[in-house]
Amino acid sequence: MTKLRTLPLSADSASNLSDAQPLAERYVSAARASIQAAQVNAASAQARMPDFLQAFGELETRMAKLSESIDANSESINASAAASVDHTRWQIGMALALAFAILVAAALVLARRMTGPMHHAVDLAERLAEGDLRSRVTPAGNDETVRLMVAMARMQGNIAGIVRD
């Protein structure tokens with residue numbers, strides 16, 4: 001019972017354990033007395049049996065209360081742990097949703113950065129196809145898009161030169 005006192009018990013369990021201690025000592029004492037009496041004669045041992053059985057009954061009742069108290073404490077701890085797990089799952093879910101939203105936003109920004117200069121090049125090509133030789137060409141974007149825009153600016157200049165001649 002001394003080892004049990006070192007465990008983290010609820011107040012009810014600790015109280016039941018404290019109440020069980022003297023009952024356990026009484027039970028052990030009654031058992032020893034019955035054994036000693038039995039060594040002398042059987043009638044003496046029989047005379048001590050009611051005290052032994054009463055001590056056993058009281059200890060059994062108190063130990064049942066202790067067991068119930070420990071079970072109730074265990075259920076409380078399990079409920080608390082389940083609530084903690086649920087809360088942690090919710091936090092992980094929210095973190096994943098936030099990470100997903102950030103990734104989607106980053107992908108959209110990246111896609112616009114990559115396609116924006118290409119849209120500008122397509123608009124310039126359409127204006128050139130319509131005969132607009134005065135559009136201003138501003139090379140921007142990645143290497144390929146800049147090379148395309150520079151080539152289109154040269155083409156625009158060459159076509160404008162041919163038209164002037």
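In this predicted model, helices α3 and α4 cross in a left-handed manner. Their axes lie 10 Å apart, at an angle of about 15°. Because angles under 35 degrees count as roughly parallel, α3 is roughly parallel to α4. On the α3 side, the contact is made by P117, M118, H120, A121, L124, A125 and L128. These residues meet T145, L148, M149, M152, M155 and Q156 in α4. By class, the contact of α3 with α4 has 10 nonpolar and 3 polar residues.

The largest nonpolar core has 6 residues. A121, L124, L128, V137, M149 and M152 make up this core. Helices α3 (42-129) and α4 (143-164) each supply at least two of its residues. The most comes from α3, which gives 3 residues. In soluble globular proteins, nonpolar side chains tend to be buried together. One member of the core, L124, is in contact with S135, V137, M149 and M152, leaving aside its neighbours within four places in sequence.

The crossing of α2 and α3 is left-handed. By class, the contact of α2 with α3 has 19 nonpolar, 6 polar and 8 charged residues.

Notes
Residues are numbered from 1 along each chain as its sequence is written. This is a predicted model: local features need pLDDT of at least 70, side-chain atom pairs count only at pLDDT 80 or more; totals for chains, interfaces and linings use all residues. Side-chain values use heavy atoms; hydrogens and water are left out. A nonpolar core is a set of buried Ala, Val, Leu, Ile, Met, Phe, Trp, Tyr and Cys residues joined through side-chain atoms within 4.5 Å. Buried means under 20% relative accessible area, exposed over 50%, partly exposed in between (1.4 Å probe, protein chains only). Helices (H or I, at least four residues) and strands (E, at least two) are DSSP runs, numbered from the N terminus. Contact means heavy atoms within 4.5 Å. Axes are lines fitted to C-alpha atoms, for helices over the stretch in contact, and angles run from 0 to 180 degrees between N-to-C directions. Angles under 35 degrees count as roughly parallel, over 145 as roughly antiparallel, 65 to 115 as roughly perpendicular and the rest as oblique. A crossing is left-handed if the near helix is turned anticlockwise from the far one by less than a right angle, and right-handed if clockwise. Ala, Val, Leu, Ile, Met, Phe, Trp, Tyr, Cys and Pro count as nonpolar, Asp, Glu, Lys and Arg as charged, and the others, Gly among them, as polar.
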